[in-house]
Amino acid sequence: MAAFSNARTAHNAQPRGEQIASYATYAEAQRAVDFLSDKEFAVKSVTIVGTDLKMVERITGRLNYPRAALSGAASGAWFGLFVGLVLALIGGGNLLNTLLFALLIGAGFGMMFGVIAYALTGGKRDFTSSSQVVASSFALLCLPESAGQARRLLRELNGGNVTPGLTPHDTPTAPEADRTAAFRRPSAPAEQPPATQQPPATQQPRPTEQPTAPEQPTQPTGEGQAEESPGQR
């Protein structure tokens, strides 16, 4: 059970690899992969991816009660023919009678179901159509380790459809980086280390003011010294 679950998950995984070529139709992309296989390239690493998918509904005709009954009768007749064939092979009766009876019964029930189904629409879908999912272009993806060899081989087939890559023989371009990024799984952002807080700057102590020296008394002049000299005598 686990192996079946892993295989189913692998098929539902997103395509991985670099875009090596792009083609307008699926037939051209299939031809390119077949060319790589003929050159003995490991095509297991190649994936065809349809890009720009669109759902297209083509109108095939007008629908009314007669057309609904005829369409239901035709589908019921085919189912009745199959059931009649199985009953004829198992029962061993008359093959033609059994097939004819089953065909009529199937056509009758199919007609009835077709008319009922059309009546339930309430006239909101009075046309027949066929739906289809189409792609605008088809890209070839390859694993990075084999992308360079695949590009060199595809240039021999049709070099105009090959997309340049990051190999030594190819020059990268800005549009190529945008195209390959659409098929790559986004990487988790790297964790930034926590910013370290700087310790607050310590304030330097302001220098204290030096006290001023007291003024020295002035020395007496020479005349004062001369007047004191007679008294000292």
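Helices (H or I, at least four residues) and strands (E, at least two residues) are DSSP runs, numbered from the N terminus. The structure described here is a predicted model, in which local features need pLDDT of at least 70 and side-chain atom pairs count only at pLDDT 80 or more, while totals for chains, interfaces and linings use all residues. Residues are numbered from 1 along each chain as its sequence is written, and side-chain values use heavy atoms, with hydrogens and water left out.

The protein contains seven helices and three strands, and along the sequence these elements follow the pattern α-β-α-β-α-α-β-α-α-α. Of its 233 residues, 23% are buried, where buried means under 20% relative accessible area, exposed means over 50%, and partly exposed lies in between (1.4 Å probe, protein chains only). A contact is defined by heavy atoms within 4.5 Å. Among contacts with a separation of 6 or more, 78% are between residues 24 or more positions apart.

The three strands were examined next. Strands of a sheet pair through backbone hydrogen bonds, either parallel or antiparallel; two strands are taken to pair if DSSP finds at least two bridges between them. In this model, an open sheet of three strands shows the order E1-E3-E2 with antiparallel pairing. Strand E1 (18–23) and strand E2 are the edge strands, each pairing on one side only. On average, and with direction ignored, neighbouring strands of the sheet are turned by 30 degrees against each other; axes are lines fitted to C-alpha atoms, for helices over the stretch in contact, and angles run from 0 to 180 degrees between N-to-C directions. Five bridges join E1 and E3 in the antiparallel sense, and Ser22 has Ala139 in E3 as its bridge partner. Helix H2 packs on the sheet and touches E1, E2 and E3, with a direction at about 150 degrees to that of E2. Because five of its six residues are buried, E1 is largely enclosed by the rest of the structure.

The loop between helix H2 (26–38) and strand E2 (46–62) contains Ser45. This residue, Ser45, is buried at a relative accessible area of 11%. A polar atom of the Ser45 side chain lies 2.9 Å from the backbone oxygen of Ala42; a polar contact is a pair of N or O atoms within 3.5 Å, and within protein one must be able to donate a hydrogen and the other to accept it, with residues adjacent in sequence counted only if both atoms are side-chain atoms. When residues up to four places away in sequence are not counted, Ser45 touches Leu141, Cys142, Leu143 and Ser146. Ser146 is one of the buried residues of helix H5, which also include Ala147, Gly148 and Leu154. The expected span of a helix is 1.5 Å times one less than its number of residues. For the 15 residues of H5 (residues 144–158), this gives 21 Å, in agreement with the 21 Å between the end C-alpha atoms.

Aromatic rings were then considered. Rings of Phe, Tyr and Trp (its six-membered ring) pair if their centres lie within 6.5 Å, and planes under 30 degrees apart count as stacked, over 60 as edge-to-face and the rest as tilted. Three aromatic pairs are found in the whole structure. In one of them, the ring centres of Tyr26 and Phe138 are 5.7 Å apart and the planes lie at 70 degrees, so the pair is edge-to-face. Because Tyr26 lies in helix H2 and Phe138 in strand E3 (residues 127–142), the pair ties together parts that are 112 residues apart in sequence. Tyr26 is partly exposed at 43% relative accessibility, whereas Phe138 is buried at 16%. Tyr65 and Tyr118 form an edge-to-face pair, with 4.7 Å from centre to centre and 90 degrees between the planes. This pair links Tyr65 in helix H3 (residues 65–91) to Tyr118 in helix H4 (residues 95–120), 53 residues apart. Tyr65 is partly exposed at 44%, and Tyr118 is buried at 11%.

At the start of H3, a side-chain oxygen of Asn64 comes within 3.0 Å of the backbone nitrogen of Arg67. Just after H3, Gly92 adopts a positive phi of about 75 degrees.
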